[in-house]
Amino acid sequence: MIKVSVVGAQGRMGSHVVDAVNAAPDAELALALDAGDDLTQITPENTDVVVEFTVPSVALGNVLALVGQGVDVVVGTTGWTDDKLDAVRAALADAPREGQSVFIAPNFAISAVLADYFARLAAPYFESAEVIELHHPDKVDAPSGTAIHTAQGIGAARAKAGLGAVPDNTQTDGGSRGQVVDGVHVHAVRLRGLNAHEEVLFGNAGEQLVIRADSFDRGSFMPGVLLAVRKVASGGFPGLTVGLDHFLDL
Ligand SMILES: NC(=O)c1ccc[n+]([C@@H]2O[C@H](COP(=O)([O-])OP(=O)(O)OC[C@H]3O[C@@H](n4cnc5c(N)ncnc54)[C@H](O)[C@@H]3O)[C@@H](O)[C@H]2O)c1
């Protein structure tokens, strides 16, 4: 049994993780902690893997503390910059236990990770490409980090294939053509009733390919979280790993 502690356990994601761990046949819940709780309760004796879903302003401090306490960490909290990732790498270099792991997933939804991957595969074969992301109206950033990542992947694949700019004869634009990320137009829709959705459109003369990923509720993230917990607990990923694609044998 993998002993899993959850930090941010009373949050929307953390409470789903508690339920998912309790339902998993190969995992058991160790500690469920939230704001104000003492993280030093978590030790290698009671915990194999910590799942961290809190808020961007505290996640780095939590991860550094947990690494110092000798436990592996799976992180879903967003807001990771290159500087913060470097701080995690430095902490892992001084970690008390050999081969300690931190895994950070900007997106735990397997459908979204695969859509991103398929988009990169398809990109060299189409003259046009655009990304549309659709979310609930409470989301504070636009476009989503996932959509930016998808557009960057398409842009890189196009550049590698020697494709030029996407065709676009727009002469006037009041903002409707979206944000251009590495040459790819990205559009954001905010609509009550939606959760998290992404559509990647590719076009050639006379044909279109649409890749679409839909996360209907937070349960969609749990298979990815449990996959990450199992991979990290296996000991096969020492150091810092970013992105669920590393665990999908793509
Ligand atoms: N990677 C993914 O696939 C994915 C998916 C959904 C959400 N997220 C991200 O996960 C994070 C959490 O989202 P949410 O919707 O659950 O938020 P939430 O606000 O519902 O939950 C955050 C929880 O963290 C707790 N918390 C705050 N400070 C803490 C601290 N110092 N120590 C311990 N707990 C603390 C809060 O009390 C709260 O219970 C956000 O950054 C969100 O963007 C990531």
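Q: What is the length of the polar contact that joins the side chains of His135 and Glu133?
A: This is a predicted model, in which local features need pLDDT of at least 70, side-chain atom pairs count only at pLDDT 80 or more, and totals for chains, interfaces and linings use all residues. Residues are numbered from 1 along each chain as its sequence is written, and side-chain values use heavy atoms, with hydrogens and water left out. A polar contact is a pair of N or O atoms within 3.5 Å; within protein, one must be able to donate a hydrogen and the other to accept it, and residues adjacent in sequence count only if both atoms are side-chain atoms. For the side chains of His135 and Glu133 the value is 2.8 Å.

Q: In which class of accessibility does Lys139 count?
A: The UniProt annotation "active site", from an unreviewed entry, covers Lys139 along with His135; such annotations may be inferred rather than shown by experiment. Lys139 is found in the loop between β6 and α5 (145–160). Its relative accessibility is 23%, so Lys139 counts as partly exposed.

Q: Which residues does Lys139 touch, not counting residues up to four places away in sequence?
A: Contact means heavy atoms within 4.5 Å. With that sequence exclusion, His135 touches residues including Leu191, Asn195 and His197. For Lys139, the residues touched are Ser144 and Arg190.

Q: Which helix supplies the largest share of the shell around the ligand?
A: The ligand is surrounded by 21 residues (each with a heavy atom within 4 Å), the closest being Arg12, Met13, Asp34, Thr78 and Phe108. Both α1 (12–23) and α2 (56–68) supply at least two residues of this shell. The largest share, three residues, comes from α2.

Q: How much of the ligand's accessible area does the protein cover?
A: A backbone N or O atom of Arg12 lies 2.9 Å from a ligand oxygen atom, and a side-chain N or O atom of Asp34 is 2.4 Å from an oxygen atom of the ligand. Of the 870 Å² of accessible area that the ligand has on its own (Shrake-Rupley method, 1.4 Å probe), the protein covers 76%.

Note on methods: Helix = DSSP H or I, 4+ residues; strand = E, 2+ residues; numbered from the N terminus. Buried < 20%, exposed > 50% of the residue type's maximum accessible area, 1.4 Å probe, protein only.
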